[in-house]
Amino acid sequence: MKRIIMGVLLAFLPFASNVYAEDPTDGGTINVAVQPEPPSLMIGMYSNATTQQVGGNIFEGLMRYDKDLKPHPALATSWENSEDGKTWTFKLKEGVVWHDGKPFTSADVVFSIDKMLREVNARLRTSLAFVESISATDDYTVVFKLKEPFGPFIRLFEVGTTPMMPKHIYEGTDFKLNPANHHPIGTGPFVFKEWKKGSFIHLAKNEKYHVKGLPHLDNIYWHVIPDAASRSVAFETGKIDVLPGGSVENFDVPRLTELDNACVTTDGWEFFSPHAWLWLNNRQGPTADKRFRQAIMYAMDREFAKSALWNNFGKIAKGPVGSKTAFFNSSLPDYEHNPEKAKALLKEMGYDGTPVRLMAMPYGETWQRWTEVIKQNLEEVGIKTKLVSTDVAGWNQKISDWDYDISFTYLYQYGDPALGVSRTYLSTNIAKGSPWNNAEGYKNEQVDKWFNEAATAFPDTKRADLYNKIQKQIVEDVPVAWLMELEFPTIYNCKVQNLIDSAIGINDAFGTAWIKK
Amino acid sequence: MNIFKSLKRNKVAMVGFGILFLLVIIAIFGPYLYDGSPWKMVQRPFLPPFQDSKFPLGTDTLGRDVLAGLIHGARISLLVGLISTAIALLIGIPLGAYAGYYGGWVDEVLMRFTEIFQTVPSFALAVVLVAIFEPTVYSITGAIAIVSWPPVARLVRGEFLSLRSQEYVLAAKLNGQTNRNIILKEILPNSLSPIIVLASLMVASAILLESSLSFLGLGDPEIMSWGYMIGAAKTVLRQAWWLSFIPGVAIAVTVLSLNLLGEGLNEALNPKLSGNREN
């Protein structure tokens, strides 16, 4: 009975808090840690995490996405798909101006996507291969004609993938050398003020911002603090208000979140959904045998790793597609921690104790410890391992040259299997020289066919069918051993309100944030 | 002369010797008595010391037994210390002996060669060597040996320089003994005492060097060592002080005992210091 009453009370709580919610107050300065210092703020050319974090407040995309990856208006007010799925018509917001006062129009959109980003942004270029033409029919309407229906099209328009660039500044110049790269001009809620290299980046309120009443904040400072322990201390002493996900060591997170005034959220990673797995070399050695790879899945105690290394943030990965990504199949079979099953599989394949090389990912403490956990797990079922340690360059090199047996990685999913998943499993994506493609060497013609059909299938129900089949097959084949869907908690001072409100989290967070007085 | 007799009279040196003896026993037999891999995750992570009698020193960030790590680490620390010192002696003594005995251009060449190594900061050189050859227990031992032989060569050269004009050496020469015989049988035995003292201190600094390398993440990833334990615990220093403190104490005690022993040996072997002149 008590429980029911509590439940009822809890159900009303959100309402209660709404009733008493305060109105946002204007003004104030916010201090954020940035690590490492970004190479540039030109968001269209640099996909570095910190470039995105700062630049996402200067520039804007046509859409923003909520936690369920549903699109919401930003610079576009509405969009429509034709019956056959091949024509998209976007209506743009009127009365938007660039930071230098020039009006934002459809010409800027066509220029940004068709000319500039096509040239400087490799990830978008791959998707633009499906686009036949982009044209402006009037000042505030843009029409995209596709060669075939392309399902992920609707997920291409967040600020990191497709930031709008000012045509009047970039047209006819060498994009990479344009002086505006050092003094970026966007339409976003904050304007670039100053960048003291090695010290801080300062953005100030855009007084002419096109959303009325926004932004609330007067200034944002990103402080460059190279040492993780110093960042923690800066947060403790109140010098820093916001620690973006991943900017302190995992082992420090519990201590920081227990501080008075510290709030924590794992929201804002839905679009990226960082997916961690073990590369298993499908070409040679024991890892070439499917049963061996399945045995690895059963041998791993992923729950332990999640609690000991990730403070219970994140989720055990079921298969190639993350649970927040579109077309996730939740009814896949589980690879639970089951050493007996692993041993049986190894016996069945006749594993003779050949040692496999286990290469750590040189991304800090957590990954080093994770390697040790995996090694222990594998040895418990009788898999002999030899640890290989290396630096970042060496690790990239060895994965790119396929010179490994088992190693780690994590990659972004970008909301749609056609954008962030298929690249790891398509056999056409096997090529030496990149650690981000099908580096494990998985080849399955059926899966290839399904992936290619699914990218352009129309409508979505057809795509869903294909992705369900794909996931089932890949989970059976275990081309890589999935570890976790990572969540990097953002830790912030509780006086900061309404910080994370989109699927790309801290990358476009400050436009709506405010400080409680 | 009886080194042990005079060493025995030096209480401080005996303490050092006693601790070291105990450590050697632990290093040899400990891993058999306290079996199981020190990498095994046996309890909940961050178990403080003196709470569970099965794991008296608690557990680390992944729930691994700290005591097991300490015992297995003793073996690797001592082994690396002793072997790298032995290698350094094998390089340093012949070089120094030749340079000091022959003098002239041999001396010039060998000493310039030694100076190349002496001018590079030894820790930086060790880091570079280990990084190039991938960290394994062999490359670490080798790197430590390579950075620690120059002082040996200089010391031996000095001894040979002063001893080569002694009367018994001249007598041996007149006797028609070969140079090799003179070096090995006449001069070397007489210059052993400072070498022994230096070697005991070198073992100590080799242990420190190995720990520093592991602390920086340049240890052999397959082997649990004290330096690794501290390095892995440094990020949680404020939550779990004992993870850094306990192996730190182990290193400090080992190095201290080696220094005490070295000091004692120095006194025992040097008649001017020992005050023991009857032999």
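Two strands count as paired if DSSP finds at least two bridges between them, and strands (E, at least two residues) and helices (H or I, at least four) are DSSP runs numbered from the N terminus. With that in hand, look at strand E13 (residues 275–280) of chain A, which six bridges join to strand E17 (residues 406–411) of chain A in an antiparallel arrangement. Within this pairing, A:Trp279 has A:Ser407 of E17(A) as its bridge partner.

Before we go on, a word on the model: it is predicted, so local features need pLDDT of at least 70 and side-chain atom pairs count only at pLDDT 80 or more, while totals for chains, interfaces and linings use all residues. Residues are numbered from 1 along each chain as its sequence is written, chains are lettered from A and ligands numbered from 1 in the order in which they are written, and side-chain values use heavy atoms, leaving out hydrogens and water.

Now step back to the sheet around that pair. It is open and mixed, with six strands of chain A in the order E14-E18-E13-E17-E15-E16. Strand E14 (315–316) and strand E16 (385–388) of chain A are at the edges with a single partner strand each, so each has one side without a neighbour in the sheet. Helix H11 (residues 365–380) of chain A lies across E13, E15, E16, E17 and E18 of chain A, at about 130° to E17(A); such angles run from 0 to 180 degrees between N-to-C directions, with axes fitted to C-alpha atoms, for helices over the stretch in contact (heavy atoms within 4.5 Å).

Next, find the disulfide (a pair of cysteine sulfur atoms within 2.5 Å). A search of the whole structure gives one over all chains, and it joins A:Cys263 to A:Cys494 with an S to S distance of 2.0 Å. These cysteines are 231 residues apart: A:Cys263 is in strand E12 (residues 262–265) of chain A, and A:Cys494 is in the loop between strands E19 (490–493) and E20 (496–497) of chain A. The torsion about the S-S bond is about 110°, so this disulfide is right-handed.

A:Cys263, at 21%, is partly exposed, and so is A:Cys494, at 23%. By contrast, A:Asn206 is buried at 4%. A:Asn206 is in the loop between strand E9 (200–205) and strand E10 (219–224) of chain A, and its contacts beyond four places in sequence include A:His99, A:Phe190 and A:Pro215.

Methods. Buried means under 20% relative accessible area, exposed over 50%, partly exposed in between (1.4 Å probe, protein chains only).
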